[in-house]
Amino acid sequence: MSIKSYAKAINEAHEQLLRDDERVFVIGQGVESPWCVGTTTLGLVNKFSSDRVIDTPISEAGVTGAAIGAAMAGMRPIVFHPRMDFMYLAMDQIINHCAHWYYMFGGQVNVPVTIRGIVNRGNEQATQHSQSPYAMYAHIPGLKVVCPASPYEAKGLLVAAVRDDNPVLYIDDRWLYMLEEEVPDEIYEVPIGKGKICREGDDVTIVAISYLVQEALQAADNLGDKGISAEVIDPRTLKPLDIGLIIDSVRKTRRLVVADGDWPCCSFAEHIATLVYNELFSHLKSPVKCINFPDTPIPASTPLEKAFFPNYKDIVRGVLDVVNQ
Amino acid sequence: MSTYNLPDPVFSIKNIGTDEMIHLLATMMRIRQFEETIADLVTDGKIITPCHLYTGQEAVAMGVCYALNKDDYVFGNHRSHGHYIAKGGDVKAAMAEIFGKATGCSKGRGGSMHLCSPKHGIMGTSSIVSGSMAIAVGSALAESIRGSGRVTAVFHGDGVPEEGIWHEAANLAGLKRLPIIFVCENNLYCTHMSLDKRRVYDNLAEVASAHGFSSKVIDGNNVLDVFYAAQDAVNKARSGKGPIFLECRTYRWRGHVGPNYDVDLGLRNQDELDAWINRCPIKHFAKFLIEKGILSEEQLNTMISNVANEIDEAVSYAITSPYPDPVELANYVFKDGNI
């Protein structure tokens, strides 16, 4: 164990996966570029050569397709997109091909590819450099979706994604790159499909995704000062979802707030709300509160940006709403 | 409208044995019988899945696949019955798939446009035009990293270089000198639209060359020419000399989809269709083998009756096979179990 940043944890997972499994290779645009992936793949080309850590032309669809095809041929590629916004150019390859191939051919050809989508927003980057469309991908049958919210999850989920026999979309968030915690030095997996209770509480359940997990923990501290005990859950995997963990928590607290850094319409927050209503409708003390982005494109100007992205204060307000009802 | 006004195929025997040539003819006949039987079954309402028939193009699939090893990869498209059969795929399993049966090669999940047989290197087909281009480049990349020598062939129509991903895939293959063959079946039409209405220049091979491919234009109705060109391409690819583009000029007799000819719709004219039917790749090759004394009329008649029986058996197998059980609808979403 040692203290590692989220970025370092991702880098270490790559290095250990490349070291342990010759089927693993990394492909994407800007493996050594500070604009693209921060320090998450720094040093890998020198250690493993450009045959296995491949910088590419700016061809999102072509490069993603190539990773998919290599996975069909038995490799374990990690294909990364420095910004998820640009990953839309590869949607046909991801949805029509990668996610559906195993089903479409009756289970004969599986696609063990890890598609890494990096969320990179803030600093007035505007809407085409800011998006995190989790729900759009969770909508697709055949695709697993994981969203690490801490350095420990970041390393363990990447290892699990690469070892999974199915396509996994791994969404990491540059707002978390400097976050530090104790992380094992050896290689390990965080199981896909298992959520985590980050903090126990009795009065309300807060389910938060990705960067909003940290905000939810801060909100829980703040609420504690107000005498409200909040339980914080990080699903870690959006698909397959550990809904049992959430249901059990809400059965206890009878109140739910979901913090989801994505647009509201058909969002992951709405999905969780629906699943909870289906199980616990008459048991709830108040309606589920969903905290999402405003239903607008993402602005550039700093005051607008600050108004746009939810933080712990929005979560505190959301909890107070449901507790006071 | 350019139809290339190609002369009748002229065959020359190079490095190929008589048994091999008879095998090429027999497999092309099998593809033809498969497709023409399906045309009748679609007309009769027995087959529902949209079928894009390969009749007329058999020499391309056969010539290319015969140059490949069993473990070389093939990727196809919506019109891939011929590729599947030429690479060695099981005819009964394909017919059952087209009937939507549980015994189909894709267990009834894929239909006519999604045939697969990994043990023959047939890793799948995409019905999204251009969909399998980058994926095929990926299998070539995998083998390039492993240094295995396995080659990938991807079949695509003349419309595919109008898609952006064709260029992305081609550039990547050229840049990394990958062991891949792009087999462009130029049948002059992309769905309803002829080549001259879609492209500024009739220059598919030149465009591939610009991406670093070795390019060649050949008569796609001459199975021996296709085979020789494919053999050369496979040798180049396997020895690390980079990607190859083969433009095979040919013609699909049937319309874009289904059993009709698209003449009735005003999309093609009868003279053009008749000219290409006269250039039938099977008829000319059979005639050549008979003239050379390699094949007798009697042998040919036996082959005709053999493929007819074989395809009849495949149809019976498909018809008598069970449908997939709706209880199993959600099988094969994820490899580790149900959704």
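Predicted model: local features only at pLDDT ≥ 70, side-chain atom pairs only at ≥ 80, totals over all residues.
How many helices and strands does chain B have? I looked that up to get going: chain B has 12 helices and 8 strands.

**Chain B as a whole**

Next I checked the overall dimensions. The C-alpha trace of chain B spans about 55 × 50 × 45 Å along its principal axes. I then looked at the radius of gyration, which is 19 Å for chain B; a compact globule of 339 residues would come out near 20 Å, so the two agree. I also looked up burial, and 53% of the 339 residues of chain B count as buried.

**A helix pair inside chain B**

I turned to helix H2 (residues 58-66) and helix H9 (residues 223-238) of chain B. Their axes come within 7 Å and cross at roughly 35°. The crossing of H2(B) and H9(B) is right-handed. Which residues make the contact? From H2(B) I listed Ala59(B), Val60(B), Met62(B), Gly63(B), Val64(B) and Tyr66(B), and from H9(B) I listed Val223(B), Val226(B), Phe227(B) and Ala230(B). Sorted by class, the contact of H2(B) with H9(B) has 9 nonpolar residues, 1 polar and no charged ones.

**Where chain A touches chain B**

Now for the two chains together. I found 36 residues from chain A and 36 residues from chain B in the contact. On the chain A side, the elements giving two or more residues are helix H3 (60-72), helix H5 (91-99) and helix H6 (101-104). H3(A) supplies the largest share of that side, with 10 residues. By class, I noted 18 nonpolar, 14 polar and 4 charged residues on the side of chain A that touches chain B.

**H3(A) against H5(B)**

H3(A) packs with helix H5 (residues 133-146) of chain B at an angle of about 55°, and their axes are 6 Å apart. That angle makes H3(A) and H5(B) oblique to each other. I noted a right-handed crossing for H3(A) and H5(B). Among the residues in this contact are Gly62(A), Gly65(A) and Gly69(A) of H3(A), and Gly138(B), Ser139(B) and Leu141(B) of H5(B). How does the contact of H3(A) with H5(B) divide by class? I wrote down 12 nonpolar, 5 polar and no charged residues.

Terms used:
Residues numbered from 1 in each chain as written. Chains lettered and ligands numbered in written order. Contact = placed C-beta atoms within 7 Å. Helix = DSSP H or I, 4+ residues; strand = E, 2+ residues; numbered from the N terminus. Nonpolar A, V, L, I, M, F, W, Y, C, P; charged D, E, K, R; others polar. Rg over C-alpha atoms; globule rule 2.2 N^0.38 Å. Buried ≥ 20, exposed ≤ 12 C-beta atoms within 10 Å, placed from the backbone. Axes fitted to C-alpha atoms, helices over the stretch in contact; angles between N-to-C directions. Left-handed = near helix turned anticlockwise from the far one by under 90°. Parallel < 35°, antiparallel > 145°, perpendicular 65-115°, else oblique.
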